[in-house]
Amino acid sequence: MLNVNNIEVIYDDVILVLKGLSLVVQEGQIVALLGANGAGKTTTLKAISGLLKVEEGEVTDGTIEFLGQRIDGREPEDIVRRGIFQVMEGRCVFENLTAHENLIAATRTRNNRKEIRERYETVFHYFPHLKARRNVLAGYLSGGEQQMLVIGRALMARTRLMMLDEPSLGLSPILVSEIFTIIQRLHEEQNMTMLLVEQNAHLALSIAEHGYVMENGKIVLDDSVDKLKENEDIKMFYLGLTEMGTKRSYRDSKFYKRRKRWLT
Amino acid sequence: MHSEYLFFMQFFMSGLSMGSIYALVALGFVLIYKSTSILNLAQGEFLMVGAYICLSMTLDFHLNFFVSFLITMVFSVILGLAVERLVLRPLIGEPIISVIMVTLGLTYILRGLVIMLWGNDIRQFNIFPEQPIDLWGVKLTYLYIYSMGISLILLTFFAIFFKYARTGIFMRAVADHQTASQSMGISVKRVFAISWCIAAVVSSIGGILVGNIGGVGVDLSYIGLKVLPAVIFGGLDSILGAIIGGLVVGVLEFLSAGYLDPYIPAINEVFPFIVLVLVLMIRPYGLFGTEEIERV
C-alpha cells in the first residue's frame, strides 16, 4: 500500500536527517516504527504526509508511493485526500474550538453530508466518552480525551492509512492501554492500516505485525514482530530484558560496541 | 428629564450606527490577524478604495447605486486576492514585523493611486434623502438607519458563518493551529486568501457607508487608524470583541461629542481612546482576547 523507497530528507538545505530510508506498509497491517529520540521517526511520517514542506524540509532523493502512485512532493491536502492521515505528536487539538468543531474541521476533503454524519457517529461509537464532552472547548479536555479526539479526527477524513505519532505520550498507563485497545479495534473492525511510531516498544510490538527500527536516519532492523521480539538487541535496548538468571554487568553487555554496529 | 433622555438617545443611536460601521471594519482586522497573525495596517485604505470606486461608478459612470455597490464588491474580492497573492504570499515565513511593515507600505501605494486617479477633493454621494425620520423623538437620517441595518445583518451573517459553516470552522482551525490543520487537508493558502477577501469586502462596505455619511476623500483611510484601537480593545483575535469594540468606540465618540464638546472642543476624537487605554491597562489582551487555555 505504502512504499517508501530509499528517501533522503534535508532540512534547511543543509541538515541531512534521513539517509536512504525505505519501508513498506502492506494493506491491513499495523507496522511499528521504533527508534530513539532524534532517530528521524517523525520526519519519516512528515515526509509521507507532506508536512515536511511546511518546515523547510525536502525529500531530495528517493520516492514515496501510495497505492501505486507517487506522492512525494505533493501538497498535504492532496495526500490527505488520497487517504493518508497523520495524527501528529503531542495531541495537536484546536484548543479554542469545541470537540465537535474539531471533528468537523477534519472533513475538508469530504463533501457528502450523509457520509460526514455517519463518520461522526462512528467516532462516538469508538469514543462514547467524547459524545458527552463534544461541546467543551478542546483545550479544556483531559489528555486522554484529547488523544481520543485527534484519533477521531482521523476517522472523520476517510483515512485508509493512519499514521500515529506517539499516541501514548504523556498518558497514564490505564489510558494508554485503553487507547491501544481502541487502536486495535479500529484495525480489526475498520480494516485500518496503521503506521505506528512509539517510544514504548512493548506496547507497539504487542499490537503490530511488522516492525522497523531506526537509528540516525536509517532503518537498521526490519522484521516481523515475532522475530523482533526474539532479537537480542531489541530485548536489550527497547524492551529492557536480560537473559534470565544470568548476572549482568556493563562489560558483558558491551553496550557501546553493539550500538556502534547499528550506527554504521 | 424627558428631553435629557432624548438628548442621550439621539447621540447614543447615532453612535451606535457609526459604531456598527466601525465594527465591520474591525471584523476585517480581526479576520486577517486571526488566521495569518498579520496586522493589516492597510485596512483603512481598503475602505477608502472601496468608497472611491463606488463613488466613481455612481457619479462618473452614472450607474445605479446598487449596481456600483455590486461592482465594488467584485473589485474588493479581486483586491483582497491580489494583495494576498502578490504581496503576502511571497513573504510567508518572513518575520511578522516585516510583513506588517509591508502592509504599511501598501497604505502609501493605495493612497497614492487613489490621489492619482481621483484627485484630492472630497466628493459627496447625495443619494439618500437628507430628511431625518422620527423614531419616538430620536431623529435619525435614513443613512444612519441603513448603515446600522446593513452592518448588523453582515455581522450576524459572519457570526453564524464562523460558528456553523464548515469553511468558517476551517478558518478558525487554521487560526488555532496551522500545522495541525494542514495535516487534516485544510489548505492554509486558501484560508488566507478567503480571509483577505472577506476583509477587503467588509471594509469597502464600511467605506461606502461612511462615504455616504461624510463624503469621500483620502482622509477616509484614517478610519482604519480609528478602528485599530477598537480592535485591540476587543481583543485582536476575537470576532465578538471586534464588534463590541467598534460599537463602543462609535457610541463613546458621539456621546463625548454631545456632553463634553461644549467644555473641551474636539474631545470626541480623543475620548474613546482615553477609555481604551484605561481598559487595556486592566486587561492587556483586550476584553475578549484569547487568554491561553491552561488546564490545571
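In the predicted model, 26 residues of chain A are in contact with 19 residues of chain B. Two residues are in contact if their C-beta atoms, placed from the backbone, lie within 7 Å. On the side of chain A that touches chain B, two elements give two or more residues: α2 (76-82) and α3 (99-105) of chain A. Of these, α2(A) gives the most, with four residues. By class, this side of chain A has 14 nonpolar, six polar and six charged residues. Here Ala, Val, Leu, Ile, Met, Phe, Trp, Tyr, Cys and Pro count as nonpolar; Asp, Glu, Lys and Arg count as charged; the others, Gly among them, count as polar.

Because this is a predicted model, local features need pLDDT of at least 70 and side-chain atom pairs count only at pLDDT 80 or more, while totals for chains, interfaces and linings use all residues. Residues are numbered from 1 along each chain as its sequence is written, and chains are lettered from A and ligands numbered from 1 in the order in which they are written. Helices (H or I, at least four residues) and strands (E, at least two) are DSSP runs, numbered from the N terminus.

Chain A holds an open sheet of four strands. Its order is β2-β1-β4-β5, with antiparallel pairing. Two strands pair if DSSP finds at least two bridges between them. The edge strands are β2 and β5 (69-70) of chain A, and each pairs on one side only. Strands of a sheet pair through backbone hydrogen bonds, either parallel or antiparallel.

Strand β1(A) (residues 2-11) runs antiparallel to β2(A) (residues 15-25), and eight bridges join them. Asn3(A) stands opposite Val24(A) in β2(A). Ile10(A) has Leu16(A) as its bridge partner in β2(A). The two strands form a hairpin with three residues between them. In the turn, Asp12(A) has a positive phi of about 55 degrees. β1(A) also pairs with β4(A) (residues 57-66), again in the antiparallel sense, over eight bridges. There, Val4(A) stands opposite Ile64(A) of β4(A).

Chain B has 11 helices and two strands. Along the sequence, its pattern is α-α-α-α-β-β-α-α-α-α-α-α-α. The C-alpha trace of chain B spans about 60 × 55 × 35 Å along its principal axes. Its radius of gyration, taken over C-alpha atoms, is 19 Å. This agrees with the value near 19 Å for a compact globule of 296 residues, by the rule of 2.2 Å times the number of residues to the power 0.38. Among contacts in chain B between residues at least 6 apart in sequence, 76% join residues at least 24 apart.

Buried residues make up 46% of the 296 residues in chain B. A residue is buried if 20 or more other C-beta atoms lie within 10 Å of its own, exposed if 12 or fewer, and partly exposed in between, with C-beta atoms placed from the backbone. In helix α10(B) (residues 239-259), 16 of the 21 residues are buried, so this helix is largely enclosed by the rest of the structure. The expected span is 1.5 Å times one less than the number of residues.

Helix α4(B) (residues 96-118) has 23 residues. From its first C-alpha to its last it reaches 33 Å, close to the 33 Å expected. Val99(B), Thr107(B), Leu110(B) and Val114(B) are buried in α4(B). What covers the buried residues of this helix includes α2 (43-60) and α3 (65-88) of chain B. Just after α4(B), Gly119(B) takes a positive phi of about 80 degrees.
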